[in-house]
Amino acid sequence: MTLVDGARSRTSDHTVTGIELVKRRIGAYAALAKPRVIELLLVTTIPAMFLAGREFPDPWLVLATLLGGTMAAGSANALNCVADSDIDKVMNRTKRRPLVRDSVSPRGALVFGIALGVAAFSVLYFTVNPLSAALAVGTILFYIFVYTLVLKRRTAQNVVWGGAAGCMPVVIGWSAVTGTVEWPALVMFGVIFFWTPPHTWALAMRYRDDYERAGVPMLPVIATPEHVAKQIVIYSWVMVGWTLLLAPATSWLYASFALLAGGWFLFYAHRLHAGVRAGEKTKPMQLFHRSNTYLMIVFVALAADSAIGLPVIGLPF
């Protein structure tokens, strides 16, 4: 190898290393936004937009709403990582997050979270409407200052009331189309509100030791497994019943899927409860994953029902 070839080789290696560092840095900031959580939020936003107009919404409006919503959710998640960096260090489930691994500095994460929030407001305000923009900012503030900083470390009801932040994408989706917040949007809010405890408590049953070590009073930490499983069953029944409140704004198609999916989920919720009562080794993560599938079925049914445009059942009065 000549001296020139060797110089070229070293330059190439340096360039590859630099590109790799940039990729890692971008990946670290992306991880702060918790993209897997955002995916679930978007699955509920689009059907809400379908239901609001009972037709295919304008694609550009959908794109703008999803972009702004993604930025808002990413902002809340990044700021949550900053506020929870101390407990993330002692939990196995969260020990690979960027702040724990020093992939991103606390200051960098804070600036990133705030910048995403500002961008979310700007996108929604100028391309959707002021109401949607205000709702998005309100959601970020609620998630950080009410759930993360107040409720999460002080009460076992943290995910019950703090989960309201995760319910807001459907309201934002509805307001993007209509410019208002009407009763179907509030019902969809309620569906996710009652879905959140069974979903989160199933996860917390699996990672109970993590939460206990971090000093977070999740329900499985302070209550017996039987009590937690019973609460999961209760909230699951309320959730399934709540989905049927959307029937007057939809057709028989949505109502049928809501009933079938609800029965399917209740079966597994009761099975978890029965297993815990019998002292058997249970797998709560199975219910956690099924809760994601259940929510997707319900909201996809909403979108399909609206897109097809079948006659609505209507109110009985």
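**Figure 1. Second largest pocket of the predicted model.** Sixteen residues, given as 16 in the count, line the second largest pocket, and those nearest its centre are Ser75, Leu79, Ile114, Ile140 and Leu141. Helix H3 (59–83), helix H5 (106–127) and helix H6 (130–151) are the elements that each give two or more residues to this lining. The pocket holds about 250 Å³ of space. Its lining comprises 13 nonpolar, three polar and no charged residues. A pocket is an open set of points on a 1 Å grid over the protein atoms alone, where a 1.4 Å probe fits, with protein on both sides within 12 Å along at least five of seven lines; lining residues have an atom within 4 Å of a point. Volume is the space filled by probe spheres set on the points, which are joined across faces, edges and corners. Ala, Val, Leu, Ile, Met, Phe, Trp, Tyr, Cys and Pro count as nonpolar, Asp, Glu, Lys and Arg as charged, and the others, Gly among them, as polar. The model is predicted: local features need pLDDT of at least 70 and side-chain atom pairs count only at pLDDT 80 or more, while totals for chains, interfaces and linings use all residues. Residues are numbered from 1 along each chain as its sequence is written, and side-chain values use heavy atoms, with hydrogens and water left out.

**Figure 2. Packing of H5 and H6.** The two axes, H5 and H6, come within 7 Å and cross at roughly 160 degrees. H5 is therefore roughly antiparallel to H6 (angles over 145 degrees count as such). Axes are lines fitted to C-alpha atoms, for helices over the stretch in contact, and angles run from 0 to 180 degrees between N-to-C directions. H5 contributes Gly117, Phe121, Leu124 and Tyr125 to the contact, and H6 contributes Pro130, Ser132, Ala133, Ala134, Ala136, Val137 and Ile140 (contact means heavy atoms within 4.5 Å).

**Figure 3. Packing of H12 and H13.** Helix H12 (residues 225–243) packs against H13 at an angle of about 170 degrees, the axes being 9 Å apart. H12 and H13 are therefore roughly antiparallel to each other. Among the contact residues are Trp237 and Met239 of H12 and Phe265 and Leu266 of H13. By class, the contact of H12 with H13 has 14 nonpolar, five polar and three charged residues.

**Figure 4. Packing of H13 and H14.** Helix H13 (residues 252–277) and helix H14 (residues 284–308) have axes 9 Å apart and an angle of about 175 degrees. This pair, H13 and H14, is therefore roughly antiparallel. The contact of H13 with H14 includes 17 nonpolar, four polar and three charged residues.

**Figure 5. Surroundings of leucine 40.** Leucine 40 sits in helix H2 (residues 35–53). Apart from neighbours within four places in sequence, leucine 40 contacts Trp195, Asn292 and Leu295. Its C-alpha atom is separated by 9.6 Å from that of glycine 166, 126 residues apart along the chain. The protein chain as a whole has 14 helices and zero strands (DSSP runs, H or I of at least four residues for helices and E of at least two for strands, numbered from the N terminus).

How values were computed
Parallel < 35°, antiparallel > 145°, perpendicular 65-115°, else oblique.
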